[in-house]
Amino acid sequence: TYGALNFYNKKIERTAGAPLKVIDRAFYNPSASDDPVIQELSAKKTAKVYTTDSVITQLMCASKSVYSWDIVVTKKDGVIFFDKRDGSEIDRITVDENAYDAPSDSHDANINNAQNLSLEATFINQNFLANSVFDENVVKFNHPNPFHDSSEPLLSKGYRYKKFSFRAKDEEEEPVSVVVRTGVDSKDAATNQTLAVKAVNEYNNNGLDWKSKFTSQRGAIIAAELKNNNNKFSKWTNQAILAGVDTIKLGFVSRANFKDNTKHVILGVSSYRPQDLAMQINLSTGNGWGIVKSYIDIISAEDDGKFVILKHPNSPKLTVYKVPENAFQDEE
């Protein structure tokens with residue numbers, strides 16, 4: 001375990017209508033190949049496969065995603081790394097990806113296009129976590145944050161490096177082990193539970209005005225969010241299960257004014273056990289691991305080299321391409 005957690009401040013659950021403060025905190029989510037801890041574990045031959053929770057859950061939830069994304073896979077001496085590219089869409093949080101009338105992916109100045117909503121949701125999630133923890137109370141993990149080497153204040157984040165093994169089909173086959181860097185956001189001092197802190201956001205009045213109806217129609221609002229953001233919730237739930245998190249704290253945030261995507265208000269917080277949320281959205285972790293194992297098998301059968309798993313936009317199709325060793329390294 002690495003990093004440090006700030007204790008969760010329950011006051012955020014009682015401050016309906018409070019503004020979401022912009023709190024500048026350093027946040028890191030490097031790819032597996034750039035992670036010094038994973039490099040160390042790889043040098044010790046801890047496992048055959050190395051990756052991070054954001055990359056592996058993208059693959060686990062492939063069948064629920066609509067937008068395009070890609071994962072870079074490197075195989076060398078039988079060891080496999082599943083990585084994201086620099087500036088990858090994997091780091092962004094999508095909005096209404098699974099909705100019937102999903103936001104358009106036009107590249108104009110519209111604040112409600114898919115790209116701008118994704119940047120807004122990512123900004124909201126980091127600030128919602130910073131708003132929901134105490135500054136001074138810190139729980140330190142076994143080792144300090146491995147990515148932080150400056151004096152700027154850190155966003156509450158703990159990393160658990162976990163090893164998962166697939167059972168071998170027969171005695172001749174060796175079990176395949178996978179090391180995954182997983183994340184924990186906060187801790188509840190009263191219950192000692194570890195927390196994942198996430199936020200969903202309202203960007204237009206789609207019939208269920210959150211500000212006026214959040215208290216009376218919370219169930220309907222949550223049901224609509226689970227349906228329109230099935231992929232996002234599936235990834236968050238899988239990440240929480242992989243990390244062994246006890247509770248997901250889900251914040252509901254709305255724009256103060258629908259024409260301005262820079263100012264937001266917090267309307268409320270709901271709590272879920274990850275396993276209960278998985279049942280509610282019909283998520284099978286076993287199926288997710290099945291997808292991961294399939295791609296490990298595909299890459300294992302190939303010679304050493306670099307590959308790209310590409311998800312086609314608006315299609316359930318995934319394609320594996322072999323690419324040159326120096327692909328994605330130079331700026332051209």
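Contact here means heavy atoms within 4.5 Å. The structure in these views is a predicted model, in which local features need pLDDT of at least 70 and side-chain atom pairs count only at pLDDT 80 or more, while totals for chains, interfaces and linings use all residues. Residues are numbered from 1 along each chain as its sequence is written, and side-chain values use heavy atoms, with hydrogens and water left out.

View 1. When residues up to four places away in sequence are not counted, Phe233 touches Val200, Glu225, Leu226, Leu250, Leu277 and Ile281. Buried means under 20% relative accessible area and exposed over 50%, with partly exposed in between, for a 1.4 Å probe and protein chains only.

View 2. A cavity is defined on a 1 Å grid over the protein atoms alone, as a set of points where a 1.4 Å probe fits but cannot get out, and its lining residues have an atom within 4 Å of a point. Grid points are joined across faces, edges and corners, and a volume is the space filled by probe spheres set on the points. By this rule there are two cavities of 30 Å³ or more, and the largest cavity holds about 70 Å³ of space. Its lining consists of Asp96, Asn201, Glu202, Tyr203, Asn204, Asn206, Trp210 and Glu225. With Ala, Val, Leu, Ile, Met, Phe, Trp, Tyr, Cys and Pro counted as nonpolar, Asp, Glu, Lys and Arg as charged, and the others, Gly among them, as polar, this lining divides into two nonpolar, three polar and three charged residues.

**View 3. The second largest cavity.** About 40 Å³ of space lies in the second largest cavity, which is lined by Val49, Thr51, Val55, Ile56, Leu59, Phe82, Val178 and Val292. Strand E3 (49-52) and helix H2 (53-60) are the elements that give two or more residues to this lining, and the largest share, three residues, comes from H2. Seven of the lining residues are nonpolar, one is polar and none is charged.

**View 4. Antiparallel pairing of strand E7.** Two strands pair if DSSP finds at least two bridges between them. E1 and strand E7 (residues 157-166) pair in the antiparallel sense over three bridges, and Gly3 stands opposite Gly158 in E7. E7 also pairs with strand E8 (residues 176-184), in the antiparallel sense over nine bridges, and Val176 in E8 is the bridge partner of Phe166.

View 5. Most residues other than glycine have a negative phi. Asp77, in the loop between strand E4 (69-76) and strand E5 (79-83), has a positive phi near 50 degrees, and is exposed, with a relative accessible area of 66%. Asn314, in the loop between strand E13 (305-311) and strand E14 (318-323), has a positive phi near 55 degrees, and counts as exposed at 66% relative accessibility.

Conventions
Helix = DSSP H or I, 4+ residues; strand = E, 2+ residues; numbered from the N terminus. 1 Å grid on protein atoms, 1.4 Å probe; cavity = no way out; pocket = protein on both sides within 12 Å on 5 of 7 lines; lining within 4 Å.
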